[in-house]
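Reader: Hi! I'm new to this one. Could you walk me through it?

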Amino acid sequence: MRLFVAACDEFAADPAGYRWPRGLRVKPIVGTSDILEMTWSFAGPDGRATFHFESVNEEMYCVWRRVGRHAIFVDP
């Protein structure tokens with residue numbers, strides 16, 4: 001979790017140029033411009049999440065959209 005929080009802080013500092021650490025398995029969802037996906041387990045049960053970032057009063061926040069199995073990608 002610490003690695004994810006640190007990565008989010010770095011993303012907030014420079015969203016356009018940021019590259020997520022490979023170990024976090026974060027990538028944009030195809031067909032969206034601001035929704036990201038994260039996979040932490042491929043074994044049963046698989047573990048996946050979708051999230052995006054919002055700015056409130058000039059601070060960046062991570063908003064978790066869906067957490068669960070592979071089916072969460074139907075409506076991220």
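**A first look**

Author: Happy to! The secondary structure of the chain comes to one helix and four strands, and keep in mind that this is a predicted model.

Reader: Thanks! What pattern does the chain follow along the sequence?

Author: Reading along the sequence gives α-β-β-β-β. The chain is as compact as a globular protein of that length, because its radius of gyration is 13 Å, close to the 11 Å that the globule rule gives for 76 residues.

Reader: And what does the C-alpha trace span along its principal axes?

Author: About 40 × 25 × 20 Å.

Reader: How much of the chain is buried?

Author: Buried residues account for 33% of the 76 residues. As for the surface, the chain exposes about 5500 Å², with carbon and sulfur atoms supplying 52% of that.

Reader: Switching topic: how far apart are the mean positions of the positive and negative charges?

Author: They are 13 Å apart, counting 9 positive and 10 negative charges.

Reader: What about contacts between residues at least 6 apart in sequence: what share joins residues at least 24 apart?

Author: That share is 20%.

Reader: Now I'm looking at Val 74. Where does it lie?

Author: Val 74 is in the segment after strand 4, which covers 59-68.

Reader: Is Val 74 buried or exposed?

Author: Exposed: its relative accessibility is 75%, and the cut-off for exposed is over 50%.

Reader: And how far is Val 74 from Ala 49?

Author: Their C-alpha atoms are separated by 12 Å, while the two residues are 25 residues apart along the chain.

Key:
Residues are numbered from 1 along each chain as its sequence is written. This is a predicted model: local features need pLDDT of at least 70, side-chain atom pairs count only at pLDDT 80 or more; totals for chains, interfaces and linings use all residues. Side-chain values use heavy atoms; hydrogens and water are left out. Helices (H or I, at least four residues) and strands (E, at least two) are DSSP runs, numbered from the N terminus. The radius of gyration is taken over C-alpha atoms; the globule rule is 2.2 Å times the number of residues to the power 0.38. Buried means under 20% relative accessible area, exposed over 50%, partly exposed in between (1.4 Å probe, protein chains only). Contact means heavy atoms within 4.5 Å. Accessible areas come from the Shrake-Rupley method with a 1.4 Å probe; for residues, only the protein chains shown count as cover. Lys and Arg count as positive and Asp and Glu as negative; His and the chain ends are not counted. The place of a charge is taken as NZ of Lys, CZ of Arg, CG of Asp or CD of Glu.
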